[in-house]
Amino acid sequence: MAWLLDPWSYGFMRDALAAGMSAGAACAALGVYVVFRRMAFAGEAMSHTTLPGLVMAQLGGWSLAVGALASNLLTALGIGFLSGGPSHRRGVRDDAAIGVVFTGMFALGVILMSLGGSWRDLSHLILGNILAVSPGDHWFMVVAGIVVLTALIALHKELELSSYDAAYTDLIGIGSARLKCVVLGLVALAVVAGVQVVGVILTSALLITPAASAAMFTRRLVPMMLIAVGLAWMAVVAGLLLAFNADLPAGASIVACAAITFVAAWIWRRLHR
Amino acid sequence: MKFEWLAYGGRHLHAPDRTMPALLVRGLDVGYPGQARSVVEAVSFKLPIGARLALVGPNGSGKSTLLKTIAGLLQPRSGEIRVFGLKVGACHHRTSYLPQREEINWEFPVSVERFVLAGRFVHCGWFALPNAEDRAQVDATLEELDLTSIRETAIGDLSGGQKQRIMLARAVAQGADLLLLDEPLNAVDVATRATVARVLTRLQGQGKSMIVSTHDLGLHDHPFDGVLALEGGSLQEVPYGMAP
């Protein structure tokens, strides 16, 4: 049992657990909307486009969370400018606009990394380093998690309706475009929290994998969100234990554990269909 | 609604003006951005309160565009629309629009009961939850449309006819006075057709007004008070008593 209990006697492991659970809860609960609103590509893009902000924050000595958030804001504005309003007048579809901005911002991040310092110093931005999250960023992750979960609860019926019937959402005056902006804003917040846990490349896994796994067990929204959060927490705990005991990267270990839960859920679904 | 300032879009419940027709459309022209040609051109008619109107025309004749514009989902290029004497969207409670089935994301994890309950959201507004009265209304509607036994079923598991019935149930639960139904009998079974006919007749008896679009009048067993024929975006004929 030492492999199971000893790791938690270290302060950095307990901090990592708290940070991982905050980011995991926000990403997993929101992930159900990301999956069923067919926004997985937007989630993927949001995580990659944090890179230039993270690099600039690292080089300037600022908070990584603030850098990532600023980067995501620029991304949202860029996507909105290219595809917002009468998109066909500007000739750019939603997914094309996301693709252009996402790859452009990621390329900018790589160039900044190349210009600004050694790859070794900055590689934790790509892969995440949950074991070395600063106290300031740790608090940001907790607050981001609380904001995301509070918004999901407060706007539950409006977010739910706009996810399956945009026309009726507009008809009764809620405004589906407004709700889409809210979801994108929440994804941006959750991604900023997730990036520091598992890194730029793997953050979309925190958004999508637990939600996709939970969808194997239920067809109800709220139970699906709760199961997704539970699975994300399981992945965080198991991933941290794996990383500590086998000396593996923590972020990749967490995502690998989430992927294993997905495979297990898929097999369970096949057996119980 | 307990707190009026929580109303969606800041629009409150207005009593219908019984001296005005349920719907008045004058010189309506609708088109999509970037397209010079209008999809609906110079359409004018009125719908008296309690009347049931059929909107017929081949696919692509502009039926759905016209209904969406009346519902406030599309902005007209020119012309005027009044719902019970009010501008479109002035009172979100009064109008309900049943889209074609393909416009709904049926994969979303929501139950039949929850889907129908959404008809009551406009009476709740932001942040408020449906109350006991709202739930009682939903129970009665589910019963009327023979949906009680599948109330816990996910909407993605429903047949075409059941999907049509839950969309009608949501409009009934909303308590709207003007119903805009886009091809409600398209690809549904005989039992669903009979149920829809029964419910529409009851609603008309309560003074509700409705426009039902269809590409085949033969699908409808119940009589209409008039037929609007739309072709190439223009009305071919306006029924007696329905000219504005």
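So, the sheet in chain B: six strands line up in the order E6-E7-E8-E3-E9-E10, and the sheet is open. The pairing is mixed. Keep in mind that this is a predicted model.

Who sits at the edges? That's strand E6, residues 95-98, and strand E10, residues 234-237, both in chain B, and each of them pairs on one side only.

Let's zoom in on the E10 end. Strand E9 of chain B, residues 226-231, is joined to E10(B) by 3 bridges, and the two run antiparallel.

Now the helices. Helix H1 of chain B, residues 63-71, lies across E3, E6, E7, E8 and E9 of that chain, at about 150° to E7(B). Then there's helix H6 of chain B, residues 190-205, which lies across E3, E7 and E8 and runs at about 150° to E8(B).

Okay, over to chain A. How many helices and strands does chain A have? There are 15 helices and 0 strands. Its C-alpha atoms fill a box of roughly 60 × 55 × 30 Å along the principal axes. For 273 residues, a compact globule would have a radius of gyration near 19 Å, so the 19 Å of chain A agrees with that.

Inside chain A, 51% of the residues are buried. Of the contacts with a separation of 6 or more, 72% link residues 24 or more positions apart.

Conventions. Residues numbered from 1 in each chain as written. Chains lettered and ligands numbered in written order. Predicted model: local features only at pLDDT ≥ 70, side-chain atom pairs only at ≥ 80, totals over all residues. Heavy atoms only, no water. Pairing = 2+ DSSP bridges. Helix = DSSP H or I, 4+ residues; strand = E, 2+ residues; numbered from the N terminus. Contact = heavy atoms within 4.5 Å. Axes fitted to C-alpha atoms, helices over the stretch in contact; angles between N-to-C directions. Rg over C-alpha atoms; globule rule 2.2 N^0.38 Å. Buried < 20%, exposed > 50% of the residue type's maximum accessible area, 1.4 Å probe, protein only.
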